[in-house]
Amino acid sequence: MAEKIVILTGAGISAESGLGTFRDEGGLWAQHRIEDVATPEGFAKDPALVHRFYNMRRAEAAKAQPNAAHLALARLQREYSGEVVIVTQNVDALHEAARAEVIHMHGALASALCAACGHRWAAPLVMATGEPCPACGAGAGRPDIVWFGEMPYFMEQIEDHLLGCDLFAAIGTSGQVYPAAGFVQQARYAGARTIEMNLRDSDSSYAFEDHLIGPASKVVPRWVDTLL
């Protein structure tokens, strides 16, 4: 039995809850260039556009419900006799809605960040250009999202978990976005077994020992059942 399991979740686990991914055709991401809405430079150039984009994402996420995969991982955390750490690249709150504890390495839609002083607060459903910071008063509020070119949150904590785990699982990730795409290598270096669960092979599938192919809502509950 693995004493410590580290699980990385990506957009694929929330897709079945109706939340779009970077690669969906016709979704929010398909209507915008990443450079315009997911970089510090894009925000500096057109903050109104960026706020509109994240207001739409926040509204979309508020309507979503956790699916069977989220619920299964929450059950694993509650019932497994060892330690279960969930790290997510997702900015929705579906893991929390399923009553799991998670580390949000890419930030959260429910949080706002002051670009002037670094203060964080609960984001309103609609944010606007010049959003005032409740701590320093500067009109520098932005979505508390890690954009391309920025350092993900909690990296030291995550790396400590990876180096101490016996089993590493990646669920619904593309294997394209670093540093998360390199977590499997760190876990293998530490001697952990590795498993990937996805609809199809990812860019880092070669690095995993085991694979479960299929929708997260089907394969994750079955996997959790075997562990419990």
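On the α5 side, Ala 68, Ala 69, Ala 72, Leu 73, Arg 75 and Leu 76 are in contact with Ala 216, Ser 217, Val 220, Pro 221, Trp 223, Val 224, Asp 225 and Leu 227 of α9, where contact means heavy atoms within 4.5 Å. Helices here are DSSP runs (H or I, at least four residues), and strands are runs of E of at least two, numbered from the N terminus. By class, this contact comprises eleven nonpolar, one polar and two charged residues; Ala, Val, Leu, Ile, Met, Phe, Trp, Tyr, Cys and Pro count as nonpolar, Asp, Glu, Lys and Arg as charged, and the others, Gly among them, as polar.

This is a predicted model: local features need pLDDT of at least 70, side-chain atom pairs count only at pLDDT 80 or more, and totals for chains, interfaces and linings use all residues. Residues are numbered from 1 along each chain as its sequence is written, and side-chain values use heavy atoms, with hydrogens and water left out.

The axes of α5 (residues 68–79) and α9 (residues 216–227) come within 7 Å and cross at roughly 20 degrees; axes are lines fitted to C-alpha atoms over the stretch in contact, with angles from 0 to 180 degrees between N-to-C directions. Therefore α5 is roughly parallel to α9, a term for angles under 35 degrees.

The largest cavity has a volume of about 90 Å³, the space filled by probe spheres set on grid points joined across faces, edges and corners. A cavity is a set of points on a 1 Å grid, over the protein atoms alone, where a 1.4 Å probe fits but cannot get out; lining residues have an atom within 4 Å of a point. Among the 16 lining residues, Leu 8, Thr 173, Gly 175, Ala 180 and Ala 181 are the closest to the centre of the largest cavity. Its lining divides into nine nonpolar, six polar and one charged residues.

Methods
Parallel < 35°, antiparallel > 145°, perpendicular 65-115°, else oblique. 1 Å grid on protein atoms, 1.4 Å probe; cavity = no way out; pocket = protein on both sides within 12 Å on 5 of 7 lines; lining within 4 Å.
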